[in-house]
Amino acid sequence: MSILLAILIGAAFGFVLDRIGATNPTVITGMLTLRRLALMKTILLAIGTGSILMFGGQMLGLVDVAHMSVKSAYIGVFIGGLLLGLGWAAAGYCPGTGVAAAATGRKDALFFIAGGLLGAAAYMATYPAWKATGLLDSVAGGKVTLGEVPESGYDGLFAVSGDLLGIALGLVFVVVAFALPLAPGGRTSRAVPAE
Amino acid sequence: MTLDWKLGGVLLGAVFFAAVLLVKPIGVSTQFVILDGIVADALSPGFITQTDDGYTSTNAYMAKSDGKYAKSAANPLNYSFVFVLAMAAGALASALLKGGIGRAERRLPEVWRANHGDTPWARYAVAFVGGAVVLYGARLAGGCTSGHMMSGMMQTALSGYIFAAGAFLAAIPTARLMYKEG
């Protein structure tokens, strides 16, 4: 059953990633240079939609709160984020979109994956050194959500309803998605890249 | 054909929601470690070993958290690994249904040609080094764009916001510096 769900949800994810342009480095670069924000609007709307459905569903008892999986906060999250951002901008791929792009036939994405396997192996080799620095130790409570989500097992950073805050932030993401311009500099020439 | 952002955003959000509803939040970058583990264990048997109550590895990272990565590498037919393979299949299906992405794009993305000309090997070198930096960073952070940024911020995880701040802080100036055209 779990393998069947992996196939169904995974395939849907890959299909949608390709259809929103996320497998195309030209589209990713347009977003990261802030020249063309259609993909940014897509991502913000997706986070908002997902958040509203999830927290709304949890409040109604339709979504199992135990399915939440919150990652720990530590200084290395920020440093790792900086590194990922650097490579993401240079290559135009992140781990998921790189694999999906390779499947669509992009040759450079195969090099991205090969580099990725090397980078992951390098981290496996250097993990004890990072661990020793203390940069992997939890900060601000570690695995925390911004509000307190009932029965999630995670602490809330602020003493407010995590479900309501989740829906409110979801709405903020949706509003920002609509408010952002498609092309801040008025450059739309590559808004629909040749495919 | 790229979907209108409104439809695309709702569809992508629905996929992230379906994942939490039915199983667990989406994540990808861990599977690079799992594939490395599978390869390492094939090249050097004994890299992963079975214990009385699970799996462990001679590598401290594979062995952490009671050997959960070691266990996944020893049993590749698990949800998260199959998810990534299925993701590739889904992207392939999408590309085939729209008639492929074309020979020029397969060789080099348009944005590279516009900025750096017809230099495929320079592009492949940047993609390789970029991939290494992305996955090193993702593993240090404990997740990537899918796991931390999308799934994390969707769940209002503090870590997701910290990760997104770091990622965009580095990505925006880098992209503007490397790709002045397009």
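Which share of the contacts in chain A between residues at least 6 apart in sequence joins residues at least 24 apart? I looked this up before anything else. The share is 59%, with contact taken as heavy atoms within 4.5 Å.

**Ground rules.** I note that this is a predicted model, in which local features need pLDDT of at least 70 and side-chain atom pairs count only at pLDDT 80 or more, while totals for chains, interfaces and linings use all residues. Residues are numbered from 1 along each chain as its sequence is written, chains are lettered from A and ligands numbered from 1 in the order in which they are written, and side-chain values use heavy atoms, with hydrogens and water left out.

**Chain A overall.** I looked up the elements and found seven helices and two strands in chain A. Helices (H or I, at least four residues) and strands (E, at least two) are DSSP runs, numbered from the N terminus. Their order from the N terminus is α-α-α-α-α-α-β-β-α. Along the principal axes, the C-alpha atoms of chain A fill a box of roughly 50 × 45 × 40 Å. Of the 195 residues in chain A, 55% are buried. Buried means under 20% relative accessible area, exposed over 50%, and partly exposed in between (1.4 Å probe, protein chains only).

**Helix α1 of chain A.** I checked the span of residues 2-19: these 18 residues reach 25 Å from first C-alpha to last, close to the expected 26 Å. The expected value is 1.5 Å times one less than the number of residues. The buried residues of α1(A) include A:L5, A:I9, A:F13 and A:L17, and also A:D18 and A:R19. I then asked what the buried residues of α1(A) pack against. I found α5 (95-103) of chain A, together with α1 (5-22), α4 (79-97) and α8 (145-154) of chain B. Just after α1(A), A:G21 has a positive phi of about 90°.

**A:T97.** This residue sits in helix α5 of chain A. A:T97 counts as buried because its relative accessible area is 4%. A polar atom of its side chain lies 3.0 Å from the backbone nitrogen of A:C94. Leaving aside neighbours within four places in sequence, I list A:L17, A:A22 and A:T23 as the contacts of A:T97.

**Interface of chains A and B.** I counted 113 residues of chain B in contact with 115 residues of chain A. The buried area is about 10,400 Å², with 73% from carbon and sulfur atoms; this is the accessible area (1.4 Å probe) that two parts lose on being put together, summed over both. B:W5, B:Y136 and B:L140 supply 8% of what chain B buries against chain A, more than any other three residues.

I looked for salt bridges (a side-chain nitrogen of Lys or Arg within 4 Å of a carboxyl oxygen of Asp or Glu) and got three between the chains. A:D108 and B:R123 form a salt bridge at 2.7 Å, N to O. Helix α7 (residues 120-141) of chain B gives the largest share of the side of chain B that touches chain A, 18 residues.

I noted A:A140, with a positive phi of about 50°, in the loop between α6 (107-133) and β1 (144-145) of chain A. A:A140 is partly exposed, at 47% relative accessible area. I also noted B:S65, whose positive phi is near 50°. B:S65 is in helix α3 (residues 60-74) of chain B and is partly exposed at 42%.

Methods. Polar contact = N/O pair within 3.5 Å; in protein donor to acceptor, adjacent residues only side chain to side chain.
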